[in-house]
Structure formats: structure tokens, C-alpha cells
Amino acid sequence: MEELSALFHGFSVVLTPFNLMLMFVGIVLGVIIGVLPGLGGANGIAILLPLTFSMSPTSAIIMLSCIYWGALFGGAITSILFNIPGEPWSVATTFDGYPMAQQGRAGEALTGAFTSSFVGALVAVIMFTFIAPAVAAFALQFGPAEFFAVYLLTFCSFVGTGKGNPFKIIASMMLGFAMAAVGIDIVTGQLRLTFGFTQLLHGFHFLVAVIGLFGIGEILLSMEEGLSFSGQTAKINTKIVLETWAKLPRYWMTSIRSCLVGCWMGIIPGGATPASFMSYGVARQMSRDGAKFGTGQLEGVVAPETAAHAAGTSALLPMLTLGIPGSPTAAVLLGGLLIWGLQPGPLLFVEQKDFVWGLIASMYLGNIAGLIVVITMVPFFAAILRIPFSIIAPVIVVICSFGAFTVHNSMFDVWLMAVFGIVGYVFKKLDYPLAPMVLALVLGDAAESSFRQAMLISQGDLSIMWSNWLVGGITTLALLLLFWPLFQAGMARIKAGLAEGGGR
Amino acid sequence: MEERNESNRALARVVTIDMVVALIVFALGALVVYESYQLGSSWGSDGPQAGYFPFYIGLLICISGTMVFVQSLLRLRSDAKVFVERAQLKQVMIVLIPTVAYVLSVQLIGIYVSAMVFIGLFMRFVGKYRGLRSAIVGVTVSVIAFALFEIWFKIPLPKGPVESLLGY
């Protein structure tokens with residue numbers, strides 16, 4: 001097995017004391033980020049990115065991906081103990097996790113959540129190890145038209161799988177593309193959309209947008225809700241952990257189902273959040289105790305956590321192999337790769353073997369490290385949550401401003417961050433999704449250049465998007481997804497027409 | 001604004017804000033379309049011009065802005081969902097205004113002193129902590145950040161007179 005030998009080479013790259021230390025630091029930072037309101041995986045990594053510029057890319061990605069794992073684990077803590085989902089994908093964990101904590105079974109719920117997160121991630125990483133090289137090898141044959149079709153698929157699937165108003169999704173996405181176009185046009189060298197402002201020469205950097213939208217915006221939202229944390233306390237000791245582990249094998253079917261849902265949903269964008277809800281819903285329907293879901297069933301914690309973590313892990317697959325991130329956090333990691341001078345995409349697997357396999361190996365080790373860290377340090381992380389918001393809020397604003405400034409060493413970016421914060425707050429309240437905007441901002445230039453190259457090849461003829469079965473298939477699928485809401489609305493209207501008179 | 005029929009504490013309805021934002025979105029889209037048109041949004045001698053791609057992006061922004069506006073217009077009478085209440089807005093402003101003031105002061109006197117003062121004052125006046133405790137947290141965060149960025153990672157951040165007094 002070629003992959004296995006490559007993987008073991010990866011382990012040899014990762015297993016240095018310095019990298020192992022970074023791994024633990026990353027996990028702890030990640031959990032803290034996942035626990036604190038206003039700091040999530042995406043903007044936490046965005047803020048810490050500049051600190052890694054002096055490291056080697058492999059060490060840097062190990063630390064950053066461990067922050068990501070940590071954030072995934074951290075979301076469960078707040079959901080279970082405080083009934084506050086620290087991350088969107090842990091909303092489904094609150095349904096059964098918080099009732100369990102109220103019944104004094106917080107330790108059991110947490111152990112169950114962490115262990116199933118670990119299982120989900122492990123399955124996804126194993127899948128990753130064997131599928132990613134194949135996907136990358138396949139994608140080596142892609143031309144500009146194929147790449148643009150994949151970009152199209154990525155963005156259309158936001159519309160197709162998103163729950164909100166499709167026009168708001170499109171508006172948010174297109175604003176992202178427009179912001180990506182600001183600055184010097186890479187092909188013609190002309191200035192675009194700068195309107196004479198020299199500050200706009202470099203365009204909008206997505207890290208600044210992420211920090212503002214997710215960081216400052218989230219702080220404003222949390223403040224509006226007047227968050228006061230009143231949570232359950234958790235006691236975790238070896239006995240509880242072992243007892244829970246003895247119970248978990250009973251839910252093996254749920255685990256397998258959730259892993260499948262998670263892996264699948266993670267690869268297509270949209271990712272962890274819908275995966276966790278979907279997996280919870282499926283588990284409730286399929287389980288014998290389905291009716292008791294919501295009252296504190298361990299199975300109801302296992303299902304969403306497994307899926308969320310599996311999805312979070314597999315979101316990195318399209319990012320590495322195609323250069324197309326499946327989530328905002330993956331997008332930030334992709335931005336990091338670009339800054340370190342690595343071009344994500346199929347060639348990465350050929351040219352940067354050490355880096356790729358080091359990253360994959362660190363996924364295995366990082367999740368083991370993560371499981372150990374979270375199980376042993378739960379009380380410490382829960383204590384962080386009890387720090388009052390009037391201390392947390394200004395400190396996070398300050399941290400965000402450091403992050404925004406260090407992106408370009410520009411004061412203008414700090415102002416932009418504040419503006420993006422307000423935009424994030426308003427957009428969140430009006431249900432404009434933020435993820436498509438961030439992804440469009442990251443991928444805008446790449447999508448545009450692949451489109452222009454494709455158009456150059458075909459001399460402006462759009463039929464190149466159907467010139468062979470591969471590109472045609474992807475394009476058709478993308479368009480189907482794009483018009484899916486329309487189809488659904490049509491069906492709903494027909495149904496409503498049949499059930500006339502019900503009247504709301 | 002039309003909050004006559006609602007509880008007097010509601011400042012705006014979702015529908016109203018939705019329409020305002022949709023108009024802004026539309027205006028931004030129109031701006032992109034205009035600028036792309038100026039740049040040349042068609043086929044040049046050597047291929048697509050600079051405005052070729054953004055032109056359609058701008059068009060899509062305009063279309064989706066219009067659609068959201070129309071959708072909200074249709075719900076204008078029926079939808080009474082509240083966007084923000086007075087008390088909520090006050091809470092938001094309590095963070096927003098100091099944040100903007102902080103950013104301004106970063107520009108004027110550097111990031112470290114601003115951070116220290118911002119955290120200290122916020123804790124003192126919003127969190128109602130005692131002066132000493134607020135000062136300790138503010139100074140600690142600022143000193144840690146200074147050690148991390150200026151000394152350890154050697155990433156320069158905006159500094160002002162106080163830092164130069166200390167020799168940086």
C-alpha cells in the first residue's frame with residue numbers, strides 16, 4: 001500500500017518534540033477558542049495565522065489544524081454544560097446533552113461526546129488517507145473549465161443545501177466575489193473597483209473579513225442577548241469515563257450512520273452544521289429509543305457529535321486536493337497555505353509530499369491528543385466559560401484588532417474589521433449566511449481566472465462547460481443544485497394548492 | 001419608521017431593515033456594474049476585459065437585492081417580527097461605541113496603550129469591577145501581547161509615544 005508507507009513517512013515528519021508540543025498547544029488554544037463566545041474555529045485560526053509565519057509550513061499547519069480539532073471538541077463542552085452551542089455544529093448536541101447535564105450526568109454526556117467526536121474524526125481521517133491521493137490524481141487532469149465547474153458546484157450547493165432565502169445566499173456570495181475583484185486585476189493589471197482609494201489597492205483580505213464578520217459580529221450578537229452563563233458543573237473521573245466507554249459500543253449502528261452522513265456532508269460544502277442536524281434526525285428515526293430523544297439520551301449526543309467531527313475533518317479533503325475549501329475554517333487554512341507559498345490543489349500531493357502526509361499524520365495524532373486533553377481538562381475549560389462577558393468582550397475585541405492589523409500591517413484593516421463587524425451583526429440578524437461570502441472572497445480570484453481561461457480557450461463560448469462528460473456532468477449537477485430551491489418551492493405550492501382552505 | 005402598532009420598545013422591524021439592506025445591496029451591485037462597464041465588460045482584442053467577470057457578479061447582486069426587496073415589500077403589512085429592541089440596541093452600542101473609539105485610539109496612540117485603557121475602562125464602567133482589578137487585567141493583556149508580538153515573534157504593531165518612551 002503506497003498510502004500506508006507515505007503515511008508512516010508522515011508520522012516520522014510529525015513526531016518531533018517541537019511538533020508534538022505545538023500539537024498540544026494547538027489543541028488547548030482550539031478548545032479555548034471553541035468555548036469562548038465570539039471566537040470560533042474560523043476567526044480563531046485567522047487571528048493566530050500571522051504567528052505561524054515564522055514556522056515551517058508543516059509545523060504551522062500542524063498547530064493550526066490542531067486548533068481546528070480543538071475548536072470542534074470545545075463546542076461540545078458549552079453545549080452540554082451551558083446549553084449554549086459554542087459553535088453552530090454543536091447546536092444539535094444541546095438537545096440531549098444539556099438534559100443529561102441537568103440530570104447530573106454531565107460527565108457521561110461529555111465523555112460520550114468527546115469519544116464519538118474522536119471516532120467520527122478517525123473514520124474520516126482513514127477515509128481521507130485513502131481517498132485524497134486518488135482525488136488529487138484524478139484532479140490532475142482538470143483543465144480550467146473543469147475547475148470552474150467545480151467552483152460553480154461549490155457555490156451552487158450553498159444555494160441548494162442552504163435553508164435560508166436563496167436570494168440572500170446569492171447576494172451574500174456575490175458580494176464576496178465583488179470584494180474579491182477589488183484591487184489590481186491579475187490578468188490585465190488594471191485597477192478595479194478601487195474608486196481612487198489607494199487603501200483598496202490590495203483589495204479586501206478575507207482574514208480581515210473573517211475576523212470582523214465572525215469575531216466582532218458575534219460579540220455584538222452575544223452582547224445583545226445579554227449572555228449570562230449559568231451552567232451545570234461537570235465531574236469527570238476515570239470511573240465515569242470507563243463506564244461510558246462500556247456503554248458506547250451499544251450505539252455502533254448510530255455511529256456508523258453518523259460517520260457516513262458526516263463524511264459525505266463534509267466533502268460537499270455546507271459541512272458540519274447540517275451534518276450534525278441530519279445525523280441527529282436520522283438517529284431519532286432509526287433508534288429504538290427514538291421517542292425518548294431530547295430527554296437526555298446518550299445516543300442523541302453520539303449522533304450529532306460523530307457527524308460534526310467527521311464532517312469537519314472531511315471538509316479538508318476538497319481543500320487540499322482541489323484547493324476548494326468546504327467550510328470557512330477550511331478556507332482560512334487554505335489562505336494560510338497560500339501565504340506560506342503552497343498552492344493547494346492536486347499538485348500539492350506530488351510536489352509537497354512531506355507537507356501533505358505530515359498534515360494527514362497530524363490528523364491522527366491531533367485527534368488522539370485532543371481526546372486526552374479534553375477529557376482531562378474539562379473543569380479548566382468550564383471555568384473559562386464562567387469568566388464574565390464584560391471581561392471577555394473587550395479582550396476579544398483587542399485580540400481581533402491584533403489579528404486584523406497583522407494581516408497586512410495596515411491600520412485600514414482594523415477599521416475594515418470594525419465595519420465588517422457591523423455587517424456581520426446585521427447579516428446574521430437578517431439571515432444572510434456569512435459562509436458563502438467568505439468562501440467567495442477566498443476563491444474569487446481563482447474562480448475568475450479559471451473562468452477567463454476557459455472562456456479564452458473557447459473564445460467566449462459558454463458551451464465549453466459541456467464540452468466533455470466530466471465538465472458537463474459537474475456543471476449540470478451544479479445547475480440542478482442552484483435551482484433546487486425553486487423546484488422545492490414549486491412542489492410546496494402545489495401541495496398547498498391541494499390542501500387549500502387550511503389557511504395560516 | 002412604522003413602530004406605532006408595536007410595543008414601544010421595538011425600534012425597527014425585520015422587514016424594514018431587510019428592505020434597507022436590500023437597497024444597499026442593490027446600490028453596491030449597481031456600483032460594481034457601472035465600474036465594470038467603465039473598465040470594459042466585453043471581449044477585448046486579447047480576450048475577456050477586466051470588467052468581464054465582475055460585470056455579471058454586479059448584475060447578480062442587483063437581481064438578488066431586488067428580489068429580497070420585493071419579497072420584503074410583500075410581507076410589509078403582515079410581518080411584525082422585531083429586528084431590535086431599544087434595550088438590545090443599547091447593549092450593542094455599549095460594545096460598539098467603545099470598540100470604534102478603541103480603533104480610533106489605536107490609530108492615534110498605538111495599540112498597546114489603547115488595549116490597556118480599553119479593557120480597563122470597559123471592565124470598570126460596563127462590568128462594574130473595582131478599579132484595581134480592571135487595571136490589572138488591562139495591563140496584563142497588554143503586556144502579554146507586547147511580549148508575544150514585539151519580543152517573541154517580532155511582528156511590529158502600531159506604537160505611540162509611550163512605547164517610544166520605553167525605547168521601542
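1. A polar contact, as the term is used here, is a pair of N or O atoms within 3.5 Å; within protein, one must be able to donate a hydrogen and the other to accept it, and residues adjacent in sequence count only if both atoms are side-chain atoms. With that rule, seven residue pairs are in polar contact across the interface of chain A and chain B, both residues of each pair being at pLDDT 80 or more. On the side of chain A that touches chain B, the elements giving two or more residues are α8 (166–181), β2, α9 (206–224), α18 (389–408), α19 (411–429) and α20 of chain A. The largest share of that side comes from α18(A), with eleven residues. Sorted by class, the side of chain A that touches chain B holds 38 nonpolar, eleven polar and seven charged residues.

2. Before you go further, please keep in mind that this is a predicted model. For the complex, the predictor reports an ipTM of 0.90 and a pTM of 0.85. Chain A has an average pLDDT of 83, and 95% of its residues score at least 70. Within chain A, confidence is highest in α19(A), at 93, and lowest in helix α12 (residues 272–286), at a mean of 80. Chain B has a mean pLDDT of 85, with 94% of its residues at 70 or more. One stretch of chain B deserves a flag: over residues 1–8 the pLDDT is below 50, and beyond near neighbours in sequence this stretch has ten contacts in the model. Where pLDDT is low, the predicted coordinates should not be read in detail.

3. Now for the extent of the interface. Between them, chain A and chain B bury about 5400 Å², and 80% of this is on carbon and sulfur atoms. The contact involves 56 residues of chain A and 62 residues of chain B.

4. How many salt bridges are there between chain A and chain B? The count is one. In a salt bridge, the side chains of A:Lys168 and B:Asp18 meet at 3.0 Å, N to O. B:Asp18 also forms a salt bridge with B:Arg75, where the closest N and O atoms are 3.2 Å apart. That pair links distant parts of chain B, with B:Arg75 in helix α2 (residues 52–75) and B:Asp18 in helix α1 (residues 14–39), 57 residues apart. Is B:Asp18 buried or exposed? B:Asp18 has a relative accessible area of 1%, so it counts as buried. B:Arg75 counts as partly exposed because its relative accessibility is 28%.

5. Not counting residues up to four places away in sequence, A:Phe167 touches B:Ser64, B:Met67, B:Val68 and B:Gln71. Its relative accessibility is 23%, so A:Phe167 counts as partly exposed. A:Phe167 and A:Tyr432 are 265 residues apart along the chain, and their C-alpha atoms are separated by 9.0 Å.

6. The whole structure has twelve salt bridges over all chains. Which residues are linked in a network of salt bridges? They are A:Asp185, A:Arg192, A:Glu448 and A:Arg452. Inside this group, A:Arg452 and A:Asp185 form a salt bridge whose closest N and O atoms are 3.1 Å apart. A:Arg452 sits in helix α20 (residues 435–458) and A:Asp185 in the loop between β1 (183–184) and β2 (191–192), so that pair links distant parts of chain A, 267 residues apart. Both A:Arg452 and A:Asp185 are buried.

7. Another salt bridge in chain A joins the side chains of A:Lys247 and A:Glu108, at 2.8 Å, N to O. This pair too links distant parts of the chain: A:Lys247 belongs to helix α10 (residues 238–247) and A:Glu108 to helix α6 (residues 106–139), 139 residues apart. With a relative accessible area of 11%, A:Glu108 is buried, whereas A:Lys247, at 27% relative accessibility, counts as partly exposed.

8. Last, some backbone angles to check. Most residues other than glycine have a negative phi. A:Leu193, in the loop between β2 and α9 of chain A, has a positive phi near 50 degrees. A:Leu193 is buried, with a relative accessible area of 5%. A:Asp431 is not a glycine either, and its phi is positive at about 65 degrees. A:Asp431 lies in the loop between α19 and α20 of chain A and counts as exposed, at 53% relative accessibility.

Terms used
Residues numbered from 1 in each chain as written. Chains lettered and ligands numbered in written order. Heavy atoms only, no water. Salt bridge = Lys/Arg side-chain N within 4 Å of Asp/Glu carboxyl O. Helix = DSSP H or I, 4+ residues; strand = E, 2+ residues; numbered from the N terminus. Buried < 20%, exposed > 50% of the residue type's maximum accessible area, 1.4 Å probe, protein only. Contact = heavy atoms within 4.5 Å. Buried area = accessible area lost by both parts, 1.4 Å probe. Nonpolar A, V, L, I, M, F, W, Y, C, P; charged D, E, K, R; others polar. pLDDT = per-residue confidence, 0-100.
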